[in-house]
Amino acid sequence: MISGLHHYALEVPDLAVAEGFLQDFGLETGEKDGSLVAMCPGRQQEQVRLVEAPAKRLHHVTFTLRPGTTDAVREALERSGTPVIEPPPGATEDGLWLRDPDGTAVQLLDEPQASARPVAEVLVNMGGTRQRFDVAQWRTATEDVLPRRLGHSLLFTAQPARMTDFYTQVLGLRVSDTIHHDLVTFLNAGPGDHHVFGFISSTHRGFHHASFEVPSIDAIAVGADRMRAKGHQAGWGLGRHVIGSNFFFYLRDPWGSFAEYFHDLDYIPESCAWEARDWPESDALYRWGPPVPDDFGRNREVEG
Ligand SMILES: [Fe+2]
């Protein structure tokens, strides 16, 4: 029923700091219903919403539904004993609102995902492929480097099995892969990205990271350079993940969580013939790149 992640929303103590970070990251910002919103250039879809509050905290997550599945979602919610709720302050009233087993507000919108900004075809000379002749790639390699779309987000949870059951059995996501049972869980929404959502096991709920697709590996490096030049702290990268296979670079956001640039993520085809695997922790995180920072999995969000 869920077709993808629409946007995520955080409570943060200082909207001006948030706006500076998001703009430097490559997003366009604006004000909507008293909240700060951020969009990817060239895409008509809110991707981030920030509500002012004393401490940084996950506020809600919003998903799009496949067309015509709203009634099926209502029935599934009823069957599972999940009530429809009023929207939380700072959010829009559209769609269906509920709380997941962690108590996080979830919005379900009966609308399609907006198209990502179109990008030029890239001719490569890689592996056995020879496509580019008499063209110097550096001339165009860094022309289009800004985020095109929000791809996924991973949340902390103290009850990964229960959260996974809820999002798969009630809201229709599927397990893509797991690390060490339910230490980390990656979920897909059918044909499309290897993961659109997921959970990291923790002592309490929280927001770990959100990830934005950029047009190329050059775009990841240029984005990382731009963030460094503007005084933001690198998080982890550049590397290639194992689960999802994407190139990654994580920036530390102003609140101890992460914003990720990704490129070249595994794609789950129409047939949904993807075979989920459970990975040992030692093999699962990355194929190459710098060592994982010690605090990468630390949940700094206030409990409650
Ligand atoms: Fe990610």
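In this predicted model, seven strands form an open sheet with mixed pairing, in the order S2-S3-S4-S1-S5-S7-S6. Strands here are DSSP runs of type E with at least two residues, and helices are runs of H or I with at least four, numbered from the N terminus; two strands pair if DSSP finds at least two bridges between them. Strand S2 (28-32) and strand S6 (96-99) stand at the edges, each with a single partner strand, so one side of each has no neighbour in the sheet. On average, neighbouring strands are turned by 25° against each other, direction ignored. Helix H2 (residues 70-79) packs on this sheet and touches strand S5 (57-65), S6 and strand S7 (105-109). The direction of H2 makes about 25° with that of S6; axes are lines fitted to C-alpha atoms, for helices over the stretch in contact, and angles run from 0 to 180 degrees between N-to-C directions.

Residues are numbered from 1 along each chain as its sequence is written. Local features need pLDDT of at least 70 and side-chain atom pairs count only at pLDDT 80 or more, while totals for chains, interfaces and linings use all residues; side-chain values use heavy atoms, without hydrogens and water.

Glu31 stands opposite Leu36 in S3. Ser35 also belongs to strand S3 (residues 35-39). With 3% relative accessibility, Ser35 counts as buried (under 20% relative accessible area, with exposed over 50% and partly exposed in between, for a 1.4 Å probe and protein chains only). Beyond its neighbours within four places in sequence, Ser35 is in contact (heavy atoms within 4.5 Å) with Gly30, Arg49, Leu50, Val51 and Gly90.

A search of the whole structure finds 2 cavities of 30 Å³ or more. A cavity is a set of points on a 1 Å grid over the protein atoms alone where a 1.4 Å probe fits but cannot get out, and lining residues have an atom within 4 Å of a point. The largest cavity has a volume of about 70 Å³. Its lining comprises 13 residues, with Tyr8, Phe21, Leu22, Trp255 and Ala259 nearest its centre. Helix H1 supplies the largest share of this lining, 3 residues. The second largest cavity holds about 60 Å³ of space. Among the 13 residues that line the second largest cavity, Phe207, Gly256, Ser257, Arg298 and Arg300 are the closest to its centre.

Key: On a 1 Å grid over the protein atoms alone, a cavity is a set of points where a 1.4 Å probe fits but cannot get out, and a pocket is an open set with protein on both sides within 12 Å along at least five of seven lines; lining residues have an atom within 4 Å of a point. Grid points are joined across faces, edges and corners, and a volume is the space filled by probe spheres set on the points.
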